Amino acid sequence: MAEIRVENLHKAFGTFTAVRDSTFTVRNGDFFCLLGPSGCGKTTTLRMIAGLELPTSGRILLGKEDVTFKQASARDIAFVFQLFALYPHMNVRANISYPLRSQGMVRSEVQRRVEEAARTLRITHLLDHPVSGLSSGDRQRVALGRAIVREPLAFLMDEPLGALDAEFRELMCGELRALHDRLGATTVYVTHDQLEAMSMADTIAVMNQGVIEQLGSPQEIYDRPASLFVADFIGSPPMNLLRFEGKVGRGDRSVRVGGAEIAVPELHEDAAPGELVLGVRPEHVRLNGDAPYRARVIDSEYLGTTQIVTLASADGAGLKARLPSDFAVQAGDHVGLTFHADKLSLFDGRSGRALQTRLHAEAARG
Amino acid sequence: MSRGISHAHSIVEPGPISRNVAGVIVIVYAIVALVPLAWIFLTSIKTPPDSISYPPKVIFDPSLEGYCNLFTTRSRQTAEYLQTLAPPSGVCEKIARDRNMVIVGPSNYAPRFLNSLVIAFGSTALSVLLGTAAAYGFSRFKVPLKDDLLFFILSTRMMPPIAVAIPIFLMYRELGLSDTKLGMILLYTAVNVSLAVWLLKGFIDEIPREYEEAAMIDGYTRLQAFFRVVLPQATTGIVATAIFCLIFAWNEYAFAVLLTSGEAQTAPPFIPTIIGEGGQDWPAVAAGTTLFLVPILVFTVLLRKQLLRGITFGAVRK
């Protein structure tokens with residue numbers, strides 16, 4: 001297993017720039033997720049690490065070795081495709097052993113490794129079946145078997161759970177993470193599904209339009225989104241973004257939104273006067289009869305343990321609040337809103353960048 | 001209500017009436033399509049007088065005379081001379097004697113038939129080989145002017161043979177390729193390769209790139225991936241393409257009649273030149289045609305499974 005280092009990676013297809021100046025390091029043993037909407041460049045990044053696509057500029061290091069322009073076959077990495085790409089004319093055993101046979105490994109060793117991989121994935125009973133009759137879950141396991149059998153430096157996975165149905169996806173999430181831990185693998189995992197990324201990753205890179213917007217642990221990304229894009233992309237429903245005009249600076253502990261004073265974590269930098277954005281997760285909104293920030297209840301969506309209440313504030317902003325499902329609300333109710341002061345984010349409205357607050361400083365101190 | 005339900009029938013399964021109608025249509029069509037073939041076969045086992053009798057004879061004594069005449073050349077002799085010969089040794093010899101003739105040697109049918117086999121299978125193999133390579137390139141790589149090149153390749157087939165036959169004839173004379181098997185193989189390959197490229201590109205486009213990418217990740221070069229992963233999956237497409245190429249090359253007449261006369265002449269221009277005494281030897285011509293149909297029939301029947309899968313490819317893939 002090895003560390004993967006990507007430096008200033010750039011990829012253009014004609015006039016379209018798929019990946020823009022990406023730099024990141026996947027630590028040895030890390031489960032690293034590239035997360036973003038479709039077309040954000042996450043798959044292109046992965047394919048460049050694999051050698052299926054050559055970068056326009058930049059460097060890729062695998063361990064200590066510069067592999068930027070090496071053939072895919074010369075890099076010691078395994079790739080799991082979204083649609084599995086199992087060789088349809090071979091049975092399960094032949095599929096799994098295929099990467100070993102390219103190395104000219106002796107037959108008894110191939111046999112041993114295939115059996116071991118099959119045991120790990122619990123597909124020993126399928127070894128002599130053709131791949132065409134397999135369920136998608138079993139195909140997924142065979143594809144993983146083909147990846148783990150060669151004991152590569154790193155695993156690259158391109159939305160490997162995308163073709164599975166929801167119920168099975170959850171199960172495989174757990175299995176994948178367990179497999180990663182057992183093998184001590186370095187894994188780069190591409191997905192557009194934030195739940196997958198949140199539940200499996202050690203580190204997430206959120207990508208948008210070819211740029212890495214934020215790099216951090218799932219908690220960092222959820223609690224302290226670095227940009228408006230990340231705030232809006234992560235979370236279901238996403239963070240409420242309340243736009244307001246104002247001037248804030250270092251040391252401020254509150255902002256004025258819609259005529260109400262709202263307490264925020266202490267600011268650690270000055271912002272240029274102009275449009276600002278207050279970010280509030282739905283679970284940090286509380287309904288409070290006489291709070292000064294006024295809103296009207298539009299409707300409520302019942303989700304079992306919680307409900308998602310849609311609100312329209314007095315100054316016209318739309319909000320969602322996650323409340324206990326036994327909390328009684330009626331469409332049309334006029335209510336006051338309070339926000340959990342220790343959990344709020346502030347963004348510069350023009351650059352979309354998050355303003356540094358006490359929360360960032362505390363996280364940095366650990 | 002209950003009546004409606006009891007009379008309900010599936011909308012995808014045809015009912016008994018439409019099934020029967022369909023059956024009748026298929027049978028009638030099969031008869032219409034098979035009558036000419038049956039007529040050719042029946043003519044091939046008639047005697048020359050029976051073959052041209054009017055009204056045509058449906059019931060007759062079958063004879064091998066057509067096949068004997070197809071494979072032999074004969075000469076007419078006087079009755080006195082025939083008396084001096086030993087008794088006839090084979091069926092054909094006996095048929096010839098009855099017509100006051102002796103067999104003087106084999107005809108050109110066998111070598112012409114062999115030419116057809118060599119040229120048709122040779123050009124088919126070459127077309128499919130070139131077509132597969134070109135189709136893979138067009139399907140997988142960024143080729144400059146790809147669309148224009150593909151259109152150019154297709155356009156080579158737009159000209160009718162008769163329009164290009166004279167220039168080709170002149171070129172071949174200069175190059176020493178007239179009336180050679182190599183010349184005919186190259187010519188049919190040139191015509192067929194456009195069909196092969198277009199058909200095979202469709203088939204290869206359908207094979208997901210991920211298979212090759214997986215193979216390359218698994219430590220194989222692109223060439224190895226092509227041979228081990230792409231080719232096995234393109235088999236049905238290759239077989240279907242080969243059959244189309246073979247049918248064209250086997251049946252081709254216009255180029256063959258203009259560019260071959262002896263050494264490399266194929267069966268199609270040869271068969272109509274089979275002349276008996278007093279005009280066309282129809283049973284021999286029919287016999288030559290019947291035998292000429294056999295290779296394509298055998299090839300198609302042997303590979304019909306792949307052919308059918310090949311033609312319905314894409315349609316049935318998920």
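**Briefing: cores, strand pairing and backbone features**

Setting aside its neighbours within four places in sequence, F79(A) is in contact (heavy atoms within 4.5 Å) with L46(A), R47(A), A50(A), L52(A), L156(A), D158(A) and, from the other chain letter, I217(B). The model is a predicted one, in which local features need pLDDT of at least 70 and side-chain atom pairs count only at pLDDT 80 or more, while totals for chains, interfaces and linings use all residues. Residues are numbered from 1 along each chain as its sequence is written, chains are lettered from A and ligands numbered from 1 in the order in which they are written, and side-chain values use heavy atoms, with hydrogens and water left out.

**Nonpolar cores**

- A nonpolar core is here a set of buried Ala, Val, Leu, Ile, Met, Phe, Trp, Tyr and Cys residues joined through side-chain atoms within 4.5 Å, where buried means under 20% relative accessible area, exposed over 50% and partly exposed in between, with a 1.4 Å probe and protein chains only.
- The largest such core has 59 residues, and F79(A) is listed with I4(A), L34(A), L156(A) and V188(A) as having the most contacts inside it.
- Helix 12 of chain B (residues 222-251) supplies the largest share of this core, namely 11 residues; helices (H or I, at least four residues) and strands (E, at least two) are DSSP runs numbered from the N terminus.
- Another core, of 45 residues, lies apart from it and includes V131(A), V149(A), C173(A) and A197(A).

**Chain A as a whole**

- Chain A contains nine helices and 20 strands, and its C-alpha atoms fill a box of roughly 75 × 45 × 40 Å along the principal axes.
- Of the 366 residues in chain A, 51% count as buried, and among contacts between residues at least 6 apart in sequence, 65% join residues at least 24 apart.
- The chain exposes about 16100 Å², of which carbon and sulfur atoms supply 49%, the areas coming from the Shrake-Rupley method with a 1.4 Å probe and, for residues, with only the protein chains shown counting as cover.

**Strand pairing around strand 16 of chain A**

- Two strands are taken to pair if DSSP finds at least two bridges between them, and strand 16 (residues 293-302) of chain A is joined by four bridges to the antiparallel strand 19 (residues 334-339) of chain A, with V335(A) as the bridge partner of A295(A).
- Strand 16 of chain A also pairs in the antiparallel sense, over seven bridges, with strand 17 (residues 306-313) of chain A, where V309(A) is the bridge partner of S300(A).
- Strands 16 and 17 of chain A form a hairpin with three residues between them, and G304(A) in the turn has a positive phi of about 90°.

**Backbone features in loops**

- A cis peptide bond with omega of about -5° joins S236(A) and P237(A), and P237(A) lies in the loop between helix 8 (228-233) and strand 11 (240-246) of chain A.
- In chain B, a cis peptide bond with omega of about 0° joins Y54(B) and P55(B), and P55(B) lies in the loop between helix 3 (48-52) and helix 4 (65-71).
- Q209(A), a residue other than glycine, has a positive phi near 50°; Q209(A) sits in the loop between strand 9 (203-208) and strand 10 (211-216) of chain A and is exposed, with a relative accessible area of 59%.
- N100(B), which is not a glycine either, has a positive phi of about 60°; N100(B) is placed in the loop between helix 6 (91-98) and strand 2 (101-106) of chain B and is partly exposed, with a relative accessible area of 34%.
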